[in-house]
Amino acid sequence: MSPSTHERLLVLECLRWFARGAREGGTFVPTYDIERVDWRWLLPFASRQRIVPFVLRFLDETGQTGALPPPFPGLFRITSAQYVDHFHSQIPGTPACCARSGAAGSSDAAQGIALALGVYRDLPFRPMRDVDVLVHEPDLPKLCRWLGSQGFDYQLFQPDRWRGRIRRRYFQIAIADPTGGSFDTPFNPFGAFNPLGRESLVRGAVRLDLHWKPAYVAGDEGVLLDTADLWQTSRDCPALGELARLPSVEALLHHVLIHFGDFYRPTLVQLLDVALVIRSDEFAGPGVRARFESKLAGGPQRIRRLYDAVLDLGSDAQTARELLDRHRELFEGFFAGSHAWADETPARTWLQSVRRMFAKDRKRWRYGNGVGRLGLARDALLSGLGYLLPEPGFYPSSRYWRACLMHWRERRVGTKVRTVIASVLSRP
């Protein structure tokens, strides 16, 4: 079932409503025919894009809820209530966790909480799958041991068959060693071998995404967060703990933009994140926008295009149809469902991480704790197979050989193998 123009325009008008702010006392004139909207398509689509409560709020405030045929008004309200319950159960626990980690001696900057506390105060239904927290790299061993004592554990959310199990075991070995000597084992996801500088720990429904030297990919361009500038421009947040800080609005906006450009399955709610940060009072301060745009000018084109699209979303200079035509590639990716997971790590970055694994410092492959060299060699083989072979059942609608082809295409395995061969052949 594909959407018609009416569904597309309704979704765009909803996004524009929040990107521009509610029109107090204004009269809303829809550009679509609400009587011709296919709600059987729109409700599942809004649920996948995590914007159900936004659509309901938009329809309520523009006086259109009465035009919905039964049972869709009730379905929208039930789904929205679930979002509110999730927000009130997920968000309060995370500040408490940050505060206690500060008491344990770890300094962190809660980037995800900055969205919840500073942007979504009057919209208490933004679903958050994880909370991004920036930490100092030297604090990682201490912080991971403390989080492990609080019931957090490593969990890999990818179709890798053995890698998640191996990494979890080495994480547990690392946090069980009070000397910290086992922390930089090759398979500890929080050790020096991690090329992305970010990983997640999970406890029940709470997922903390720890960042220490985060690297992202937008298209084929690598993007590094300027952590030194982020720490320098952050501000104290006593509500989260003595050592907790919140990022500046410029750092927050840059983070949500590159996170959206890198994300494995971007959703429209992330587009609203960017729009609401741009609309915030802090971003409207003197010189903030010009300073941010000058910094963005030298970055990846994908990030600049996303920023321009959000600016157009909040502008009255063009109609919803003109907006759809101007950014058709972006929005059609959501409507057609073509924004799907892909490992876009450039081959050069992947090769760099492989070389790091087999660096000159061989001592990292000689850790004790009953593992030994044979155990490390076995785990290296299984981890490599786990990268190449997807978990059976991860692609439930495909046969396994088709799932492998899909997995290899998404991981760009052919490109990376050719890069390794070319690198070996080019050596003198």
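Notes on the source. This is a predicted model, in which local features need pLDDT of at least 70 and side-chain atom pairs count only at pLDDT 80 or more, while totals for chains, interfaces and linings use all residues. Residues are numbered from 1 along each chain as its sequence is written, and side-chain values use heavy atoms, with hydrogens and water left out.

**H1 against H2.** I read the angle between helix H1 (residues 5–20) and helix H2 (residues 39–48) as about 40°, with the axes 10 Å apart. The axes are lines fitted to C-alpha atoms, for helices over the stretch in contact, and angles run from 0 to 180 degrees between N-to-C directions.

Which residues meet? From H1 I list Glu-7, Leu-10 and Val-11; from H2, Trp-39, Trp-41, Leu-42 and Phe-45. Contact here means heavy atoms within 4.5 Å. The residues of this contact are 6 nonpolar, no polar and 1 charged. Nonpolar covers Ala, Val, Leu, Ile, Met, Phe, Trp, Tyr, Cys and Pro; charged covers Asp, Glu, Lys and Arg; the others, Gly among them, are polar.

**Whole chain.** I count 19 helices and 9 strands, taken as DSSP runs (helices H or I, at least four residues; strands E, at least two) numbered from the N terminus. Of the 428 residues, 51% are buried (under 20% relative accessible area; exposed is over 50%, partly exposed in between; 1.4 Å probe, protein chains only). Among contacts with a separation of 6 or more, 70% join residues 24 or more positions apart.

**Cysteines.** I searched for disulfides and got 0, where a disulfide is a pair of cysteine sulfur atoms within 2.5 Å. Cys-14 is buried at 1% relative accessibility. Cys-144 is buried at 0%.

**Backbone.** Most residues other than glycine have a negative phi, and most peptide bonds are trans. I checked for exceptions. The peptide bond from Pro-70 to Pro-71 is cis, with omega near 5°. Pro-71 sits in the loop between helix H3 (52–61) and helix H4 (72–90). Arg-50 has a positive phi, near 60°. I placed Arg-50 in the loop between H2 and H3. Is Arg-50 buried or exposed? Arg-50 is buried, because its relative accessible area is 10%.
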